[in-house]
Amino acid sequence: MKILILNGPNLNLLGVREPGIYGSCSFDSYLPLLRERYPAVDIEYRQSNIEGELINIMQETGFSYDGIILNAGAYTHTSIALHDCIRSLKCPVIEVHISNVHSREEFRRHSYISPVCKGVICGFGLDSYRLALEALLC
Ligand code: DQA
């Protein structure tokens, strides 16, 4: 099984950025733990701050991989282009957020991508990614 974890804008700053909201662990420290826990899953990881690059990466992987776990960051709340991309792909996409977007500012409550994702997991810190992986394994 091959899956992609794709992080969007500012998520390269995990561990440094607003630790009270996103925690103090970087994604690079978290990823080996996830890979260790799921040795049978081939987990590729990519991050980009650029909307078009996220689309390019999803187009490259979304027809051959078994699933994509996507944290689109703030593009979640703004991007019709990501919505259109996700609905064109063959593999399931799970929307993930580290924070509980529904308990924060009003503008974070709307997602352009939720309607075209298989499901949404938010609010469990970095464990949101593992829960999404579990969902893909079902
Ligand atoms: C986020 C929530 C978004 O609203 C925010 O813009 C992010 C991170 C999360 O993982 O909680 O960049 O996607």
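Let me start with helix α4, residues 80-88, where the buried residues are Leu82, Cys85 and Ile86. Those three lie on the same side of α4, because they cover an arc of only 95° around the axis. The arc is taken over the directions from the helix axis to the C-beta atoms. Buried here means 20 or more other C-beta atoms within 10 Å of the residue's own; exposed means 12 or fewer, partly exposed is in between, and C-beta atoms are placed from the backbone. Helices are DSSP runs of H or I with at least four residues, strands are runs of E with at least two, and both are numbered from the N terminus. On the other side of α4, Ile80 and Arg87 are exposed. The cover over the buried residues of α4 includes α3 and β4.

This is a predicted model, in which local features need pLDDT of at least 70 and side-chain atom pairs count only at pLDDT 80 or more, while totals for chains, interfaces and linings use all residues. Numbering runs from 1 along each chain as its sequence is written. pLDDT is the predictor's confidence in each residue, from 0 to 100; the protein chain averages 97, and 100% of the residues score at least 70. For the complex, the predictor gives an ipTM of 0.99 and a pTM of 0.98.

Next, helix α3, residues 51-61. Its buried residues are Leu54, Ile55, Ile57, Met58 and Thr61. They sit on the same side of α3, since their arc around the axis is only 165°. The face turned away from that side carries the exposed residues Gly52, Gln59 and Glu60. The buried ones pack against β1, β2, β3 and α4, contact meaning C-beta atoms, placed from the backbone, within 7 Å.

In α5 the buried residues are Ser128, Tyr129, Ala132 and Leu133. They line one face of the helix, because they fall within an arc of 140° seen down the axis of α5. They pack against β1, α2, β3, β4 and β5.

So what do these elements share? The largest nonpolar core has 31 residues. Such a core is a set of buried Ala, Val, Leu, Ile, Met, Phe, Trp, Tyr and Cys residues joined through C-beta atoms within 7 Å. Among the residues with the most contacts inside it are Leu6, Ile69, Leu82 and Val96. The elements that each supply at least two residues of this core include α3, α4 and α5. Leaving aside neighbours within four places in sequence, Ile69 is in contact with Ile3, Ile5, Ile94, Val96, Tyr129, Ala132 and Leu133.

Now the ligand. Which residues surround the ligand? They are Asn10, Asn71, Gly73, Ala74, Thr76, His97, Ile98, Ser99, Val101 and Arg108, where near means a C-beta atom, placed from the backbone, within 6 Å. By class, three are nonpolar, six polar and one charged. Nonpolar covers Ala, Val, Leu, Ile, Met, Phe, Trp, Tyr, Cys and Pro; charged covers Asp, Glu, Lys and Arg; the others, Gly among them, are polar.

Asn10 is in the loop between β1 and α1 and has a positive phi of about 75° although it is not a glycine. Most residues other than glycine have a negative phi. Asn10 counts as partly exposed, because it has 14 C-beta neighbours inside 10 Å. Glu18 lies in the loop between β1 and α1, with a positive phi near 35°. Glu18 is exposed, with 11 other C-beta atoms within 10 Å.

Terms used
Two residues are in contact if their C-beta atoms, placed from the backbone, lie within 7 Å.
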